[in-house]
Amino acid sequence: MARFIPTAQRAFVSAASKTLTNSIQSRVASASSLLQFNPYATSQTHKSPFTANIIRILSNEIEYQHDYAPPHQPATSFNSFTVRDRPGEKWMTMRGKYGEYEEIKIEVTMFDGCVFVPKPGEDSTGENVVLHISLLVDISKGQGYPDMEFLCSAWPDHLEIQKVYLLNRDKTIINPYMGRDLRRKKNRKLQRTLGDYLEERGVNNELCVFLHDYMMNKDRIELIQWLGNVKSIVEKWNQVF
């Protein structure tokens with residue numbers, strides 16, 4: 001089962017991600033510049049049969065994805081939460097409030113794992129795939145109070161709490177003891193109690209249903225965008241060579 005990167009490493013991963021993104025953007029810009037000013041490039045595109053076949057396959061796949069399961073505009077809110085998509089990334093962020101002082105931030109992955117369960121019915125054979133989403137729920141009460149961070153699994157129809165962290169205001173863990181793995185059977189009562197705590201703040205089974213629908217749509221959007229980018233690059237390089 002895929003797991004979230006520990007809190008202490010997130011700043012490093014975020015910085016590394018930005019550096020990588022900037023590097024990629026710089027390289028793409030340089031490539032575009034070469035394509036634009038290459039003195040050997042001509043206005044006429046001479047496609048080799050191999051390249052033409054790749055472009056045709058990519059075009060057909062893009063058309064199929066649009067027709068088979070056309071994506072829709074991502075939601076910008078859910079109940080009391082605002083939703084901020086991260087185009088081109090495997091994340092999205094939600095923010096909300098509880099009462100006058102509590103701030104809630106939820107960071108959500110795209111599908112990062114699955115389990116196989118038997119198909120229902122006595123005569124059924126085979127297995128169904130159940131997709132998994134990870135999320136971090138940060139709850140802050142402001143200056144003078146430590147934050148609580150919940151590492152959770154969002155299944156298609158229910159929420160499961162895995163870990164609970166106590167954080168300083170700078171998001172470092174207060175002490176090295178990481179607490180229990182709440183998924184164990186002996187921790188079910190504590191899991192239910194903490195689940196009620198999140199339920200009261202809108203982090204519940206209904207949210208899980210929304211997240212699976214949202215990420216299914218985001219997956220289609222990102223796939224179509226990626227296919228389009230690959231097709232564009234193949235076409236541009238074919239003009240040069």
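By about how much of the helix are Tyr-64 and Tyr-68 separated in helix 2? The model is predicted, so local features need pLDDT of at least 70 and side-chain atom pairs count only at pLDDT 80 or more, while totals for chains, interfaces and linings use all residues. Residues are numbered from 1 along each chain as its sequence is written, and side-chain values use heavy atoms, with hydrogens and water left out.

Tyr-64 and Tyr-68 lie four residues apart in helix 2 (residues 49-68), and are therefore separated by about one helical turn; helices here are DSSP runs of H or I with at least four residues, numbered from the N terminus. Rings of Phe, Tyr and Trp (its six-membered ring) pair if their centres lie within 6.5 Å, with planes under 30 degrees apart counted as stacked, over 60 as edge-to-face and the rest as tilted. By this rule there are four aromatic pairs. Because the centres of Tyr-64 and Tyr-68 are 5.3 Å apart and their planes meet at 10 degrees, this pair is stacked. Tyr-64 is partly exposed at 44% relative accessible area, whereas Tyr-68, at 60%, is exposed (buried means under 20%, exposed over 50%, partly exposed in between, with a 1.4 Å probe and protein chains only).

Phe-210 and Tyr-214 form a tilted pair, 5.8 Å centre to centre with 45 degrees between the planes, and both belong to helix 4 (residues 205-240), four residues and about one turn apart. Phe-210 is buried at 13% relative accessibility, as is Tyr-214 at 5%, and together with Phe-78 they form one aromatic cluster.

Technical notes. Helix = DSSP H or I, 4+ residues; strand = E, 2+ residues; numbered from the N terminus.
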